Amino acid sequence: GPAITTQPASLVACTDQSATLSVQATGPGLTYRWSKNGVAIPGATSRTYTIAAVKATDAGSYGVLVGGACASSVTSSTANLTVFTPVRIVREASHRTACVGSAATFGVTSVGSNPVFQWRKNGVPIPGATTAVYSIRAVTLDDAGSYDLSIRNDCSTVTSLARTLAVPVPASLTTQPVDRTNCIGSFVNFSARATGTGLTYQWRKNGRNISDGRGVSGTKTTNVAMLAGLGMEGNYDVVIRAM
């Protein structure tokens with residue numbers, strides 16, 4: 001009777017790739033009948049069984065019944081076909097703007113078997129950033145840069161679009177306004193200088209916002225200018241905000 005000398009081996013295949021199962025046997029007049037999950041596969045009657053383009057539905061347990069000339073047969077052990085799907089990104093991350101000390105999160109949605117994730121900043125892998133979401137709990141100025149995610153498995157590797165994290169520089173005064181003494185009808189100008197990203201200015205008199213007009217100009221810029229007159233005396237300051 002027939003005897004199997006080499007059993008079918010389990011396989012891992014990617015979708016659209018080919019996969020071949022085989023068996024080695026001895027004996028006269030050998031015949032073969034392959035089955036999947038215990039059900040005979042039509043036309044699978046040779047020593048090897050090949051799937052030209054594997055699909056997810058091809059995953060399962062395969063075995064072969066080997067017959068001989070003496071009306072006896074032997075069944076092989078089962079071999080598992082595991083089918084992996086290539087990784088693919090279905091939703092990209094978004095650009096982020098975060099202030100110093102606040103949190104920032106990038107997230108990518110992907111599909112595919114057994115993905116392995118690696119976030120990068122400016123093309124350099126970030127240690128420990130190996131999930132689909134990357135979060136920074138307290139942003140610093142050094143965190144500004146370009147971020148992307150590399151995703152791989154046994155079938156493919158893809159890289160997300162690069163997204164930027166913008167970290168505005170906090171406002172910092174470099175030049176303070178100074179006291180002024182002016183005669184009626186003379187020109188008065190208070191000015192201040194600051195560093196930071198996207199600065200806005202709001203000048204105030206005695207703690208109340210000064211609106212443009214009424215002879216006062218530049219309330220949204222680095223200086224406030226006006227003609228000195230009765231009722232213009234007071235304490236002037238400026239509130240500076242960064243983006």
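Trainee: Which cysteine does the disulfide join to Cys14?

Mentor: This is a predicted model, and a search of the whole structure finds 1 disulfide in it. A disulfide is a covalent bond between the sulfur atoms of two cysteines. Here the S to S distance is 2.0 Å, and the partner joined to Cys14 is Cys155.

Trainee: Is the link of Cys14 and Cys155 left-handed or right-handed?

Mentor: To decide this, we look at the angle about the S-S bond, which is -95° for this pair. With that value, the link of Cys14 and Cys155 is left-handed.

Trainee: How many residues apart in sequence are the parts that this pair ties together?

Mentor: Cys14 lies in strand β2, which covers residues 11–14, whereas Cys155 lies in the loop between β18 (145–152) and β19 (157–159).

Trainee: Is Cys14 buried or exposed?

Mentor: Residues count as buried when their relative accessible area is under 20%. Cys14 has a relative accessible area of 7%, while Cys155, at 22%, counts as partly exposed. By that cut-off, Cys14 is buried.

Trainee: Which residues form a nonpolar patch on the surface with Val169?

Mentor: Val169 has its place in the loop between β20 (163–166) and β21 (172–175), and with a relative accessible area of 35% Val169 is partly exposed. The patch on the surface has about 220 Å² of accessible area together, and the residues that form it with Val169 are Val100 and Leu141.

Notes:
Residues numbered from 1 in each chain as written. Predicted model: local features only at pLDDT ≥ 70, side-chain atom pairs only at ≥ 80, totals over all residues. Heavy atoms only, no water. Disulfide = S-S within 2.5 Å. Helix = DSSP H or I, 4+ residues; strand = E, 2+ residues; numbered from the N terminus. Buried < 20%, exposed > 50% of the residue type's maximum accessible area, 1.4 Å probe, protein only. Patch = residues over 30% accessible without salt bridge, like charges linked within 9 Å, V, L, I, M, F, W, Y side chains within 5 Å. Areas by Shrake-Rupley, 256 points an atom, 1.4 Å probe, with all protein chains shown as cover. Salt bridge = Lys/Arg side-chain N within 4 Å of Asp/Glu carboxyl O.
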